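Please read it with the coordinates open.

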Amino acid sequence: VLEKKLGLRLAEQDIYVNVVGGLRIDERCADLAVVAAIVSSLQDCPLAPGTVTVGEVGLTGEVRGATQAEKRAAECARLGFSRIVMPAHNARGLKVPGIEVLGADGLEQAISLLLQ
């Protein structure tokens, strides 16, 4: 998806995703975080400090919705994050004290927001 939708050349790269301490991830909304880490590393451009992501990435490059978006954003604010990038339809009208809520319809927009 990253190669097709963002034009990134990943075939020559060794990419490993490791979860600390044997933790098992059943959460589809972790997709955007993995994508962000890969793009950040490949472009040698760190993500903005205090930023968190929530969203599933579809095969056509769309950023799919997250359940309980308001609760997720509130918990991220409670944990000290200052920005959250999430699916646009979840972000519309969402106001959570202490955190800037940014919405993205697709990968290109999400990466643009994350690398600002």
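This is a predicted model: local features need pLDDT of at least 70, side-chain atom pairs count only at pLDDT 80 or more; totals for chains, interfaces and linings use all residues.

The points below go from the whole chain to single residues.

1. The protein chain has 5 helices and 5 strands. Along the sequence they follow the pattern α-α-β-β-β-α-β-α-β-α.

2. **Dimensions.** The radius of gyration is 14 Å. A compact globule of 116 residues would come out near 13 Å, so the chain agrees with that expectation. Along the principal axes, the C-alpha atoms fill a box of roughly 45 × 30 × 25 Å.

3. **Surface and contacts.** Buried residues account for 41% of the 116 in the protein chain. The accessible surface is about 7,200 Å², and carbon and sulfur atoms contribute 51% of that. Take the contacts between residues at least 6 apart in sequence: 58% of these join residues at least 24 apart.

4. **Strand S4.** Which strands does S4 pair with? Strand S1 (residues 51-53) is one partner, parallel to S4 over 3 bridges. Strand S5 (residues 100-104) is another, also running parallel to S4, with 5 bridges. Thr53 is bridged to Val85 of S4, and Met86 to Gly103 of S5. S4 itself spans residues 83-87 and is mostly covered, with 5 of its 5 residues buried. In a regular strand, side chains alternate between the two faces of the sheet.

5. **The largest core.** The largest nonpolar core holds 19 residues. Leu2, Leu32, Val35, Val39 and Val85 have the most contacts inside it. H2, S5 and helix H5 (107-114) each supply at least two of its residues. A second, separate core has 15 residues, among them Val52, Ala66, Ile84 and Ala91.

6. **Val39 in detail.** Which residues does Val39 touch, leaving aside those up to four places away in sequence? They are Leu2, Leu6, Leu8, Ile111 and Leu115.

7. **Glu27.** This residue sits in the loop between helix H1 (2-6) and helix H2 (31-42). Is Glu27 buried, partly exposed or exposed? Its relative accessibility is 37%, so Glu27 counts as partly exposed. A polar atom of the Glu27 side chain lies 3.0 Å from the backbone nitrogen of Cys29. Between Glu27 and Leu2, the C-alpha to C-alpha distance is 20 Å, with 25 residues separating them in sequence.

8. **Positive phi at Asp44.** Most residues other than glycine have a negative phi. Asp44 has a positive one, near 50°. Asp44 is in the loop between H2 and S1. Its relative accessible area is 71%, so Asp44 is classed as exposed.

9. **Positive phi at Gln68.** Gln68 is not a glycine either, yet its phi is positive, at about 50°. Where is Gln68 placed? Gln68 lies in the loop between strand S3 (63-64) and helix H3 (69-78). With a relative accessible area of 54%, Gln68 is exposed.

How values were computed
Residues are numbered from 1 along each chain as its sequence is written. Side-chain values use heavy atoms; hydrogens and water are left out. Helices (H or I, at least four residues) and strands (E, at least two) are DSSP runs, numbered from the N terminus. Buried means under 20% relative accessible area, exposed over 50%, partly exposed in between (1.4 Å probe, protein chains only). A polar contact is a pair of N or O atoms within 3.5 Å; within protein, one must be able to donate a hydrogen and the other to accept it, and residues adjacent in sequence count only if both atoms are side-chain atoms. Two strands pair if DSSP finds at least two bridges between them. A nonpolar core is a set of buried Ala, Val, Leu, Ile, Met, Phe, Trp, Tyr and Cys residues joined through side-chain atoms within 4.5 Å. Contact means heavy atoms within 4.5 Å. The radius of gyration is taken over C-alpha atoms; the globule rule is 2.2 Å times the number of residues to the power 0.38. Accessible areas come from the Shrake-Rupley method with a 1.4 Å probe; for residues, only the protein chains shown count as cover.
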